[in-house]
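This report goes through selected features of one structure. The sequence and coordinates come next, and the text then takes the features in turn.

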Amino acid sequence: MTASTGPPKGRWWDRLLDPIRWAQRVEFDVRPVVRRFTEGESRIPVSIAIGVAIALQYFLHGRVALHPRFVLPTIAALLLIGIVASNPGRIDHQSKLLRALTLLLIAVMSLANIVSGAKLVVDLIRGQGIHDPGDLLLAGGAIWATNVIVFALWYWMFDRGGPVARLVVPDTYPDFLFPQMTGDQSIAPPNWKPDFFDYLYVSFTNATAFSPTDVMPLSRWSKLTMMLQSAVALVLAILVIARAVNVLR
């Protein structure tokens with residue numbers, strides 16, 4: 001690596017919606033094999049994951065759901081339908097509108113899950129709310145699973161500017177270091193790049209191990225976000241399991 005070139009500072013919403021324009025490029029003496037151009041990833045996996053999260057929010061226990069319980073999941077479902085209808089194939093071209101809609105969709109899902117998680121935690125601390133151990137585990141599991149999907153979406157959308165920016169402007173500093181990015185061709189093909197499933201794996205392992213595993217966060221925002229996810233997952237696990245076995249009664 002010989003030098004880095006950064007774009008001039010712009011308004012925060014411009015950088016948020018058009019990360020390609022404001023990407024900080026890095027010049028390499030020897031170009032790593034994982035930085036070669038590849039085709040855009042399919043929208044199907046991420047759409048399925050979002051659909052699962054929306055379904056979990058629809059069928060969440062009424063005690064911890066945000067009321068009116070169908071408002072935010074319905075808004076998220078409509079946003080998902082609009083995004084898929086606009087670009088049903090591969091994610092290979094930048095659109096400020098689609099990125100804005102995607103970020104809004106993730107924010108709506110995050111808000112609904114934050115409220116549900118907060119209500120569940122408050123009930124658990126006070127010894128109120130859901131008393132049936134089975135219903136409690138189902139509600140806690142649904143919130144935990146939605147949390148995994150939501151954080152995976154945030155990682156996917158902001159690592160090196162998102163899926164399109166990673167495709168169009170590959171020579172940027174990574175926010176997450178995957179083992180396949182080390183340049184060892186014995187563990188990954190030359191055109192390897194992370195897709196949504198890889199970020200879902202990062203989110204899942206972080207929520208189960210309460211710390212990074214084989215994928216390391218490099219930037220400050222990625223470290224803080226993974227730390228927040230670990231804390232949320234740990235609190236949910238401790239309180240839900242403890243209440244389910246009557247420790248808090």
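## Lys-119 and its surroundings

Leaving aside neighbours within four places in sequence, Lys-119 is in contact (heavy atoms within 4.5 Å) with Arg-63, Val-64, Ala-65 and His-67. Lys-119 is found in helix 4; helices (H or I, at least four residues) and strands (E, at least two) are DSSP runs, numbered from the N terminus. At 29% relative accessibility, Lys-119 counts as partly exposed. The scale runs from buried, under 20% relative accessible area, to exposed, over 50%, with partly exposed in between (1.4 Å probe, protein chains only). Lys-119 and Gly-129 are 10 residues apart in sequence, and their C-alpha atoms are 9.0 Å apart in space.

## Basis of the model

This is a predicted model in which local features need pLDDT of at least 70 and side-chain atom pairs count only at pLDDT 80 or more, while totals for chains, interfaces and linings use all residues. Residues are numbered from 1 along each chain as its sequence is written, and side-chain values use heavy atoms, with hydrogens and water left out.

## Overall composition

The protein chain has 8 helices and 6 strands, in the sequence order β-α-β-β-α-α-β-α-α-α-β-α-β-α. Of its 249 residues, 44% are buried. Among contacts between residues at least 6 apart in sequence, 74% join residues at least 24 apart. The chain exposes about 12,500 Å², of which carbon and sulfur atoms supply 67%; accessible areas come from the Shrake-Rupley method with a 1.4 Å probe, and for residues only the protein chains shown count as cover.

## Salt bridges

The structure holds 2 salt bridges, each defined as a side-chain nitrogen of Lys or Arg within 4 Å of a carboxyl oxygen of Asp or Glu. One of them joins Asp-123 to Arg-63, with the closest N and O atoms 2.8 Å apart. Asp-123 lies in helix 4 (residues 96–126) and Arg-63 in the loop between helix 2 and helix 3 (71–86), so the pair ties together parts that are 60 residues apart in sequence. Asp-123 is buried at 8% relative accessibility, whereas Arg-63 is partly exposed at 38%.

The side chains of Lys-193 and Asp-195 also meet in a salt bridge, at 2.9 Å from N to O. Lys-193 is buried, with a relative accessible area of 18%, and Asp-195 is partly exposed, with 28%.

## Helix 2

Helix 2 covers residues 44–58 and includes Ile-44. Ile-44 counts as exposed, at 52% relative accessibility. Together with Ile-48 and Val-52, Ile-44 forms a nonpolar surface patch with about 280 Å² of accessible area. Patches are made of residues with over 30% relative accessible area and no salt bridge: like charges are joined within 9 Å, and nonpolar side chains (Val, Leu, Ile, Met, Phe, Trp, Tyr) within 5 Å. An α-helix has 3.6 residues a turn, so residues three or four places apart point the same way.

Ser-47 is also found in helix 2, but is buried, with a relative accessible area of 17%. A polar atom of the Ser-47 side chain lies 2.8 Å from the backbone oxygen of Arg-43. Beyond neighbours within four places in sequence, Ser-47 is in contact with Leu-80 and Val-84.

Helix 5 has 26 residues and reaches 37 Å from first to last C-alpha, close to the 38 Å expected at 1.5 Å a residue; the expected span is 1.5 Å times one less than the number of residues. At its start, a side-chain oxygen of Asp-132 reaches to within 3.1 Å of the backbone nitrogen of Gly-134. Arg-160, which follows helix 5, has a positive phi near 55°. Just after helix 7, Phe-210 takes a positive phi of about 60°.

Buried residues of helix 7 include Tyr-199, Val-202, Ser-203 and Asn-206. Among the elements covering the buried residues of helix 7 are helix 2, helix 5 (133–158) and helix 8 (220–244). Gln-229 is found in helix 8 and is buried, with a relative accessible area of 0%. Its side chain makes a polar contact with that of Ser-203 at 2.7 Å. A polar contact is a pair of N or O atoms within 3.5 Å; within protein, one must be able to donate a hydrogen and the other to accept it, and residues adjacent in sequence count only if both atoms are side-chain atoms. Leaving aside neighbours within four places in sequence, the contacts of Gln-229 include Asn-147, Phe-151, Tyr-155 and Asn-206.
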